[in-house]
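This report looks at a protein structure with a ligand. Please keep the sequence and the 3D view at hand while reading.

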Amino acid sequence: MSTLDANYQHIVARIEHACRAAKRPLADVKLLAVSKTKPAAQVRACYALGQRCFGENYLQDGLEKITALVDLADIEWHFIGPLQSNKTRAVAEHFHWLETLARDKIAQRLNDQRPDHLPALNVLIQVNISGEPQKAGVMLADIAALAKTVHALPRLTLRGLMCIPENTDDDALLRQQFEHMQHAWVELSSQYTSVDTLSMGMSADLELAIACGSTEVRIGTDIFGARSTL
Ligand SMILES: *Cc1c(COP(=O)(O)O)cnc(C)c1O
């Protein structure tokens, strides 16, 4: 068995275990394989193991892989990095999901630039759940206004919320932030029937995230190994 295969089976087993512990069906939790900085050949190998959803942080790096892997018709690409307004067109034209929406202006541009022959772009609002000033995302109190904007745009579909919590060993603090996300997401999903996704949990904290209601965990290092910088 290759390292990738072994890593992949290990992550799938961790997700299964976490779902069982949280008394949730396995089908509730989607695995997003974060392939940023990794070559297209590794994405292809992971696809061959059955993985379909991949996350990219850097536009150029992601676009090269999307081009190299066009033959994989049912692959799903999520943009999960920071997005400046002058880079929205490439996301609108080539990705299936954007997970880091935090501004009205970006939503408007994506809507205008989404090609008519593609289905609406799936969008998650990124929430700055730790409130750290350097972190991207909207505050909890500002979710409703941005959700309303997205809902009104026909070429976008509001699918839910995403967060990157504080980088901390304090499990109680982490749990508190995940629970705040869960409450906000439950409220949002009661308002919009299109909302079905809560993207939270990474390699180190996927068990806690699943216990707190996550429906999508984003795993890079524990599948593909450590990253080199671009
Ligand atoms: C890199 C990244 C991940 C994956 O992190 P790992 O620690 O490598 O599992 C998840 N989410 C986002 C937004 C990322 O940028």
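This is a predicted model: local features need pLDDT of at least 70, side-chain atom pairs count only at pLDDT 80 or more; totals for chains, interfaces and linings use all residues.

## Ligand surroundings

The shell around the ligand holds 13 residues, and those that come nearest are Lys-36, Ser-203, Arg-218, Gly-220 and Thr-221. By class, this shell has 6 nonpolar, 4 polar and 3 charged residues.

A polar side-chain atom of Lys-36 is 2.7 Å from a ligand oxygen. Asn-57 also places a polar side-chain atom by a ligand oxygen, here at 2.9 Å. For Gly-220 the backbone is involved: one of its N or O atoms lies 2.8 Å from an oxygen atom of the ligand. The ligand taken alone exposes 390 Å², of which the protein buries 86%.

## Largest pocket

Sorted by class, the lining comprises 8 nonpolar residues, 7 polar residues and 2 charged residues.

## Cysteines

How many disulfides does a search of the whole structure find? The count is 0. A disulfide is a covalent bond that joins the sulfur atoms of two cysteines.

The cut-off for a disulfide is a sulfur pair within 2.5 Å. Cys-163 is likewise in no disulfide, and its nearest cysteine sulfur, again in Cys-212, is 10.0 Å away.

Are these two residues, Cys-19 and Cys-163, buried or exposed? Cys-19 has a relative accessible area of 1% and is buried. Cys-163 also counts as buried, because its relative accessibility is 0%.

Definitions and conventions. Residues are numbered from 1 along each chain as its sequence is written. Side-chain values use heavy atoms; hydrogens and water are left out. Ala, Val, Leu, Ile, Met, Phe, Trp, Tyr, Cys and Pro count as nonpolar, Asp, Glu, Lys and Arg as charged, and the others, Gly among them, as polar. A residue is near a molecule or strand if one of its heavy atoms lies within 4 Å of it. A polar contact is a pair of N or O atoms within 3.5 Å; within protein, one must be able to donate a hydrogen and the other to accept it, and residues adjacent in sequence count only if both atoms are side-chain atoms. Accessible areas come from the Shrake-Rupley method with a 1.4 Å probe; for residues, only the protein chains shown count as cover. Buried means under 20% relative accessible area, exposed over 50%, partly exposed in between (1.4 Å probe, protein chains only).
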